[in-house]
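Subject: Structure handover

Hello,

Here is the structure I promised to pass on to you. Please open it alongside this note, and I will go through what turned up.

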Amino acid sequence: MVVNAAFVGRTYPPTAPYAVGREKIREFAEAVGAVDVVHFDPVQARARGYSDVIAPPTFAVLIAQKCDHQFIADPEAGVDFSRLVHGEQRFVHHRPITAGDDIVGVLTVDSVKVAGGNSMVVTRSELSTIDGAPVCTATSTVVIRGGE
Amino acid sequence: MSNSEQIGDTVLSLKDVQVGQQLPSRTVHIDRASLVQYAGASLDRNPIHWDERFARSVGLPDVIAQGMFTMGTAVNVVSEWVGDVGRVVEYGARFTKPVVVPYEGGADVEATGVVTAVDEQAKRATVELKVTCGADKVLGRAVAVVVLD
């Protein structure tokens, strides 16, 4: 089964707000070995001009994957999750993800390419605060290997 | 910037950065505990990252690290170099080879980088990361953009 190319250009409704918490940022920063104090200490983060502790650059994947899930779990999309491999990930940060943010994501399917039974899908998640301020553009490429 | 200074005390200035400049390299030792910790923090619960029986059942040689974990640890060389993680405004990578993490011995991933472009108007520098595990280049087109002072 290959991915349904009719999904190119499709945009999904905004995800439920993701509440960015200090302890989740701490947990994620510790897991990737990030040591900058602005992940851990709100006082030092404010001294550097941030409104609270900020997330590591790849933290946005937590929210982007909630966006991607809408497409992957869509039965009409034809995505076999067990054959899915993450090929590429890119983030453009409009400002750091900060504790206290409530972030929604809008997913668009940018491209679907089918070759040799494999499908390559590029999705884009535009993350913004619930007030509409842009936070991050996350672009993900996944490959769905063809069946036997 | 001396090693005794804390990150954030000094953010790199435009005048301190040139094309061709090498970033300090850093080696991260990965074991099963690191992968489980990242699985919990990232909510990536795929068992190929912690259960070798499952990993082998789907044709992998052993447990493999989450690509996002490798990507997340590698960018530390850039944030520590620039002096403030909030200055990393773009970051992306291709997952070219899996990092296989055996129960015995784990795996060592080495990350370093080189400045490939400096935009004086925008005060931005582009860093290309080189991320390897043994002889394998595990991230491809790994590029970060930072904002300088």
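In what order do the strands of the open sheet run? The order is E1(A)-E3(A)-E4(A)-E5(A)-E2(A)-E2(B)-E5(B)-E4(B)-E3(B)-E1(B), 10 strands with antiparallel pairing. The edges are strand E1 (18-19) of chain A and strand E1 (22-30) of chain B, each of which pairs on one side only. Helices (H or I, at least four residues) and strands (E, at least two) are DSSP runs numbered from the N terminus, and two strands count as paired if DSSP finds at least two bridges between them.

A word on conventions before the details. This is a predicted model, in which local features need pLDDT of at least 70 and side-chain atom pairs count only at pLDDT 80 or more, while totals for chains, interfaces and linings use all residues. Residues are numbered from 1 along each chain as its sequence is written, and chains are lettered from A and ligands numbered from 1 in the order in which they are written.

Chain A first. Chain A has three helices and five strands, arranged β-α-α-α-β-β-β-β from the N terminus on. Its C-alpha atoms fill a box of roughly 55 × 30 × 20 Å along the principal axes. Two residues are in contact if their C-beta atoms, placed from the backbone, lie within 7 Å. Of the contacts in chain A between residues at least 6 apart in sequence, 73% join residues at least 24 apart.

Next, the place where the chains meet. Here 27 residues of chain A are in contact with 29 residues of chain B. On the chain A side, helix H1 (22-31), helix H3 (61-72) and strand E2 (84-93) each supply at least two residues, and E2(A) gives the most, with eight. That side has 16 nonpolar, six polar and five charged residues; Ala, Val, Leu, Ile, Met, Phe, Trp, Tyr, Cys and Pro count as nonpolar, Asp, Glu, Lys and Arg as charged, and the others, Gly among them, as polar.

E2(A) pairs with strand E2 (residues 88-95) of chain B in the antiparallel sense over five bridges. Within that pairing, A:Phe91 stands opposite B:Tyr91, and A:Arg90 stands opposite B:Gly92. E2(A) is also joined by nine bridges to strand E5 (residues 134-144) of chain A, again antiparallel, with A:Val85 opposite A:Val143. Over in chain B, seven bridges join E1(B) to the antiparallel strand E3 (residues 107-119), where B:Val109 is the bridge partner of B:Val28.

Now the interior. A residue is buried if 20 or more other C-beta atoms lie within 10 Å of its own, exposed if 12 or fewer, and partly exposed in between, with C-beta atoms placed from the backbone. By that count, 39% of the 148 residues of chain A are buried. Leaving aside neighbours within four places in sequence, A:Ala60 is in contact with A:Phe91, A:Ile97, A:Leu127, A:Cys136 and A:Ala138.

Last, have a look at H3(B): eight of its eight residues are buried, so this helix is largely enclosed by the rest of the structure.

Best wishes
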